[in-house]
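Q: I have a structure open and would like to go through it with you. Could we start with the aromatic rings and then move on to the rest?

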Amino acid sequence: DLIVSSSPSSMSKMILSKLGTIIALVILLTENCSCAFSPPSLGGRLIAPAQSRSDVHVSPPITSSCLPTTRQHTNDEHFILYAKIDFNEDREGSLAAATKALGKVPYGETSRKYRRTVFKHDDWVNHRQSNSKVFDNLQSMFFSGVVRQLRPQVGSVTAVAAAVMGWNMGVVDLAASYNIWLPTLTLPVVPFTLSSPALGLLLVFRTNAAYTRWMAARDSWARMSAHSKNLVRMGSIFSSDQSAVKEMSNACWLYARTVMNKLSSPGEDEEEYIEEVLDRYQDSSIGTRVIKSKNRVMAAWRQLSLQLHSLPASDPKALIETDKSIIVLGECTAICEKIYSSPVPLVYTRHTARFLSLWALTLPCALYSAFSALDQTWATLPATSILAFFLFGVDELAMQLEEPFSILPMKYFVDDISESAEILTETFEE
């Protein structure tokens, strides 16, 4: 048996020295995370931040087993390392494609327009294969927009954990060497064990509520798309007036495009909306009237009803049956407006955030007690950071899903309605 005798002050210095070494290793691993998780068969890219998209330079694939850590700095420009991002297979409009174009990973509000996912066959194949790659999933954390969004929360909790360890392992031990008693910052684990199920339920209910809102918005747009196409289909069947059917297909597009404009950010979509509407109605004042209306959606809805009932039809009952699709369009829009204007009750969201914040900030004191009993006090810092990352991550996912329209591909839905209407009217022309 090895017996070590030392004074409390020397012991604290030794512990702090080891702790500093561990922190330095963690920082080193973070800086060179690509080398830690990049298998030999995986490619990668080195991207330098550019002032404009035209300045972006993408280097050839890297085939070595470890990406180089030496960086060349010129004119104070810092190279950002992106390991294992296969830009050759990027989906158009995806976050990876935006990373390639911008030279950095967008996150927060900036990243939402790159999360409007539309999958095709190849995307599903890649999606099914991605979850089976453990190291790829771990490596992608360093380039995740959600992870970057969590830096303030996780950083605050980690700073508290470091302060608790510094006080208990440094200040308290140093004071004890001078016969000065100071309290240690510790808490029993039992309160956290008892409260964790309640916190978990709050987070799960909040996430489920947010996902339900996203699914309701997606279902509403699916019904809106289906009934818009049905209007054009029915009009092309029971009416022989080609120009009138064309005008009704334009009205279907105008309604969907106007709903999209109402559910989008004004700074992102307003100019594009006005340009598209005026371009579609170049020879008519309809577009101008809708744009200037106090309620554009109602104006577009009225215009759609007028176009339908102006169709020359031999059977008036056909118009009445087709009008039911316009009623459904109004119901779908009402559901979207309800979701857009009514968040999850703020009292629920704020209580969950306060509960989670207080729970996470006091967690290091309890973990220090638990790990001290195992003589593994160094594990307090990484354990606290990991738990904070996962718990705050669940809350952040709910926050991102709560307002679904800025991450739904509404432009894709509107363009699909327009393309389908063209096909239906072309069939009518034949």
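Q: How many aromatic pairs does a search of the whole structure find?
A: The model is a predicted one, and searching the whole structure gives 7 aromatic pairs.

Q: What is the geometry of the pair formed by F119 and W124?
A: F119 and W124 are arranged edge-to-face, with 4.8 Å centre to centre and 80° between the planes.

Q: Why is F119 classed as partly exposed? And W124?
A: F119 has a relative accessibility of 28%, so it counts as partly exposed. W124 is also placed in the partly exposed class, because its relative accessible area is 43%. Buried would require under 20%, and exposed over 50%.

Q: Why is the pair of Y211 and W214 called stacked?
A: The ring centres of Y211 and W214 are 6.0 Å apart and the planes are at 20°, so the pair is stacked. The cut-off for stacking is planes under 30 degrees apart.

Q: Where do Y211 and W214 lie?
A: Both residues belong to helix 8, with a separation of 3 residues, or about one turn of the helix. Y211 is partly exposed at 42% relative accessibility, and W214 is partly exposed at 22%.

Q: Which residues do ring pairs link into a cluster?
A: The cluster consists of W221, Y412 and F413, linked by ring pairs.

Q: What else is W221 in contact with?
A: Apart from neighbours within four places in sequence, W221 contacts A256, V259, M260, L263, C336, F405, L408, M410, F413 and V414.

Q: On to the cores. Which residues of the largest nonpolar core touch the most other members?
A: They are W221, L254, L304 and F405, in a core of 45 residues. Two or more residues of this core come from each of helix 8, helix 9 (242-262), helix 10 (266-280), helix 11 (286-292), helix 12 (296-309), helix 13 (316-341) and helix 16 (410-429). The greatest contribution is that of helix 9, with 11 residues.

Q: What about a second core?
A: There is a separate second core of 18 residues, with F192, L199, A366 and A379 among them.

Q: Back to helix 9: is R257 buried or exposed?
A: R257, which lies in helix 9, has 0% relative accessibility, so it counts as buried. Not counting residues up to four places away in sequence, R257 touches D269, E272, Y273, E276 and V414.

Q: Now the helix shapes. Where does helix 14 have its kink?
A: The kink in helix 14 is at L363, shortly before the proline P364, and amounts to about 40°. Helix 14 covers residues 346-373, 28 residues in total, and spans 41 Å from its first C-alpha to its last, close to the 40 Å expected.

Q: Which helices do the buried residues of helix 14 pack against?
A: They pack against helix 7, helix 8 (190-238) and helix 15 (380-402). The buried residues of helix 14 include W359, L363, P364 and F371. After the helix comes D375, which has a positive phi near 60°.

Q: And helix 7: at which residue does it bend?
A: Helix 7 bends at W167, by about 35°. It comprises residues 151-177, and its 27 residues reach 37 Å between the first and last C-alpha, close to the 39 Å expected. Among its buried residues are V164, M165, N168 and M169.

Q: Stepping back, what does the secondary structure of the chain come to?
A: The protein chain has 16 helices and 2 strands. Of its 430 residues, 37% are buried. For contacts between residues at least 6 apart in sequence, 74% join residues at least 24 apart.

Q: What is the mean pLDDT of the chain?
A: The mean pLDDT is 78, with 73% of the residues reaching 70 or more. Residues 1-9 have pLDDT below 50, and this stretch has 3 contacts in the model beyond near neighbours in sequence. Residues 25-88 also stay under 50, and the model has 89 contacts for them beyond four places in sequence. Where pLDDT is low, the predicted coordinates should not be read in detail.

Definitions and conventions
Residues numbered from 1 in each chain as written. Predicted model: local features only at pLDDT ≥ 70, side-chain atom pairs only at ≥ 80, totals over all residues. Heavy atoms only, no water. Helix = DSSP H or I, 4+ residues; strand = E, 2+ residues; numbered from the N terminus. Expected span 1.5 Å × (residues − 1). Bend = angle between axes of the 7 residues up to and from the residue. Buried < 20%, exposed > 50% of the residue type's maximum accessible area, 1.4 Å probe, protein only. pLDDT = per-residue confidence, 0-100. Contact = heavy atoms within 4.5 Å. Core = buried A, V, L, I, M, F, W, Y, C linked by side-chain atoms within 4.5 Å. Phe/Tyr/Trp six-rings, centres within 6.5 Å; stacked < 30°, edge-to-face > 60°.
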